[in-house]
Amino acid sequence: MGAALASEVPDTTLFRKAMGGFAAGVTVVTTALDGRLSGTTVSAFSSLSMDPPLVLACLKRGSRTLSAVREAGVFCVNILAADQGELAYAFAKSGCDERFALAALEPGASAAPVLAGCVAAVECELHAAHDGGDHEILVGRVVSVRIDESKPPLVYVRGQFLKS
Ligand SMILES: Cc1cc2nc3c(=O)[nH]c(=O)nc-3n(C[C@H](O)[C@H](O)[C@H](O)COP(=O)(O)O)c2cc1C
């Protein structure tokens, strides 16, 4: 590597910086429990299996949304469009209920809210939850998918959203 910074046992800052170079899409993972909506911004999301259709999302321990998903057993991964950066920041504030007022909601396959204006919404039933250090790895079995290919996706890299 050229002008490289390296360390054998990566310190947190270097590890964070290295991972920041991995450009990622941005999602809002939502759920509903007894009528109360929860949601949080998540970039640690990936498809996992085609047959059966599975996805995974990593939520940090202590996340209110994580507890709500575990109890509700359903969640929706709303894949944000390039013009939804504000929504991403709003949903990164823990326990802020007003954030759902920022987006119109669409009816979905389960109680988990589907946010309007996203490039895709992937609705899931909770299939498994695995240990992931200070995060938990939620595996969702996909029950419904919708897409809107008219807009580019939001991309997060090196601590900021890519200008489109
Ligand atoms: C661009 C971006 C990506 C994020 N990705 C994740 C992630 O993958 N997993 C996670 O647990 N938190 C992630 N966060 C932080 C959470 O959104 C934040 O901790 C939030 O306060 C948790 O809310 P909750 O406790 O209401 O669930 C991200 C934040 C931003 C701005």
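This report covers the ligand site, the salt bridges and some backbone features of a predicted model.

The structure is a prediction, so local features need pLDDT of at least 70 and side-chain atom pairs count only at pLDDT 80 or more, while totals for chains, interfaces and linings use all residues. Residues are numbered from 1 along each chain as its sequence is written, and side-chain values use heavy atoms, with hydrogens and water left out.

## The ligand site

The shell around the ligand holds 19 residues. K60, S63, T65, A92 and S94 come nearest.

Which elements give two or more residues to the shell? They are β3 (36-42), β5 and α2. Helices (H or I, at least four residues) and strands (E, at least two) are DSSP runs, numbered from the N terminus.

At S43, a backbone N or O atom lies 3.0 Å from a ligand nitrogen. R64 places a polar backbone atom 3.0 Å from a ligand oxygen. A92 has a backbone N or O atom 2.8 Å from an oxygen of the ligand.

Taken alone, the ligand exposes 650 Å², and the protein buries 87% of that. These accessible areas come from the Shrake-Rupley method with a 1.4 Å probe; for residues, only the protein chains shown count as cover.

The ligand takes up the space of the largest pocket. On a 1 Å grid over the protein atoms alone, a pocket is an open set of points where a 1.4 Å probe fits, with protein on both sides within 12 Å along at least five of seven lines. A molecule sits in a pocket if more than half of its atoms lie within 2 Å of its grid points.

S63 is in the loop between β5 and α2. Is S63 buried or exposed? S63 is buried, at 13% relative accessible area. Buried means under 20%, exposed over 50%, and partly exposed in between (1.4 Å probe, protein chains only). A polar atom of the S63 side chain also lies 3.1 Å from the backbone nitrogen of T65.

## Salt bridges

Side chains of opposite charge can pair when their charged atoms come close. A salt bridge here is a side-chain nitrogen of Lys or Arg within 4 Å of a carboxyl oxygen of Asp or Glu. The model has six salt bridges by this rule.

| Salt bridge | N to O distance |
|---|---|
| R61 and D131 | 2.6 Å |
| E106 and R146 | 3.0 Å |
| E123 and R146 | 3.5 Å |

R61 and D131 link distant parts of the chain, 70 residues apart. R61 is in the loop between β5 (54-60) and α2 (64-72), and D131 is in strand β9 (residues 120-132). R61 is partly exposed at 39%, whereas D131 is exposed at 58%. This pair also belongs to a network of salt bridges that links R61, R70, D131 and E136.

E106 and R146 are 40 residues apart. E106 lies in strand β7 (residues 105-106), and R146 lies in strand β10 (residues 135-147). E106 is partly exposed at 31%, and R146 is partly exposed at 29%.

E123 is buried, with a relative accessible area of 1%.

## Backbone features

A cis peptide bond joins D51 and P52, with omega about 5°. P52 is in the loop between β4 (45-49) and β5.

D34 is not a glycine, yet its phi is positive, near 50°. This residue is in the loop between β2 (27-33) and β3. D34 is exposed at 78%.

R158 also has a positive phi, about 50°, without being a glycine. R158 is in the loop between β11 (155-157) and β12 (160-161), and is exposed at 68%.

## Spacing along the chain

S38 is in strand β3 and is buried at 12%. S38 and K17 are 21 residues apart along the chain, and 29 Å separates their C-alpha atoms.

G117 is in the loop between β8 (114-115) and β9, partly exposed at 30%. G117 and I147 are 30 residues apart in sequence, with 9.8 Å from C-alpha to C-alpha.

How values were computed:
Near = heavy atom within 4 Å. Polar contact = N/O pair within 3.5 Å; in protein donor to acceptor, adjacent residues only side chain to side chain. 1 Å grid on protein atoms, 1.4 Å probe; cavity = no way out; pocket = protein on both sides within 12 Å on 5 of 7 lines; lining within 4 Å.
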